[in-house]
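Subject: Structure handover

Dear colleague,

Here is the structure for you to look over, followed by notes on what was found in it.

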Amino acid sequence: FMTMLLFGGMGNFAGPLIGAAVISVLNESLQVLEEIKENDKGIYADIAQIQTSNILFEQGKTNEAIAILEKILDNQDINKKMRDMTAIKLASYKLDTAPKAEVEALLNPLAEENGSWSNIAKEMLAMLAIREGDLDTAKKLYGEILNTPELSDGLKLRIQDMLSVLDSANK
């Protein structure tokens with residue numbers, strides 16, 4: 001039975017069965033996370049909130065998930081590193097559709113402080129600049145990332161690729 005289920009031997013029957021199982025697991029996970037949020041304080045409760053938003057995103061409940069992330073950002077009692085990570089996550093969901101100023105408000109503080117989230121914030125700001133048609137700003141931000149000491153090879157290659165694409169777009 002499991003082989004047929006995993007490898008599609010059950011035709012149209014398997015899809016709904018698997019979908020129902022996934023929904024059940026996600027709902028159970030939400031219940032467990034809610035208990036953690038209610039009974040624990042500190043980092044575990046904070047992580048439970050972020051995981052809850054992840055599940056809500058999976059379920060297509062984007063507005064509910066975003067509301068949780070925004071609540072985390074507004075709560076000064078939550079660890080700053082957790083709020084920074086949440087800002088990146090929230091910006092990633094808003095990058096394609098939210099007003100420029102809204103995304104910049106999430107990312108500029110992280111880009112300016114040159115902390116652990118600085119390069120990803122700058123990379124996302126560069127993508128926002130591209131979305132807005134501001135290729136010069138995108139190139140400037142990518143250049144700042146390239147000048148980061150001890151930049152990983154993977155990030156360096158990705159940034160060089162983006163600069164190459166931008167250069168060819170200007171020709």
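Among contacts (heavy atoms within 4.5 Å) in the protein chain between residues at least 6 apart in sequence, 43% join residues at least 24 apart. Please keep in mind that this is a predicted model, in which local features need pLDDT of at least 70 and side-chain atom pairs count only at pLDDT 80 or more, while totals for chains, interfaces and linings use all residues. Residues are numbered from 1 along each chain as its sequence is written, and side-chain values use heavy atoms, with hydrogens and water left out.

The protein chain has nine helices and zero strands, these being DSSP runs numbered from the N terminus (helices H or I, at least four residues; strands E, at least two).

As for salt bridges, defined as a side-chain nitrogen of Lys or Arg within 4 Å of a carboxyl oxygen of Asp or Glu, the count comes to 10. One of them pairs Glu 144 with Lys 122 at 3.4 Å, N to O, and this pair links helix H8 (residues 135-146) to helix H7 (residues 118-131) across 22 residues. Lys 122 is buried, with a relative accessible area of 9%, whereas Glu 144 is partly exposed at 27% (buried means under 20% relative accessible area, exposed over 50%, partly exposed in between, with a 1.4 Å probe and protein chains only).

Arg 158 forms another with Glu 123, the closest N and O atoms being 2.7 Å apart; here helix H9 (residues 153-169) holds Arg 158, and helix H7 holds Glu 123. Finally, Glu 70, Lys 94 and Glu 102 are linked in a network of salt bridges.

Best regards
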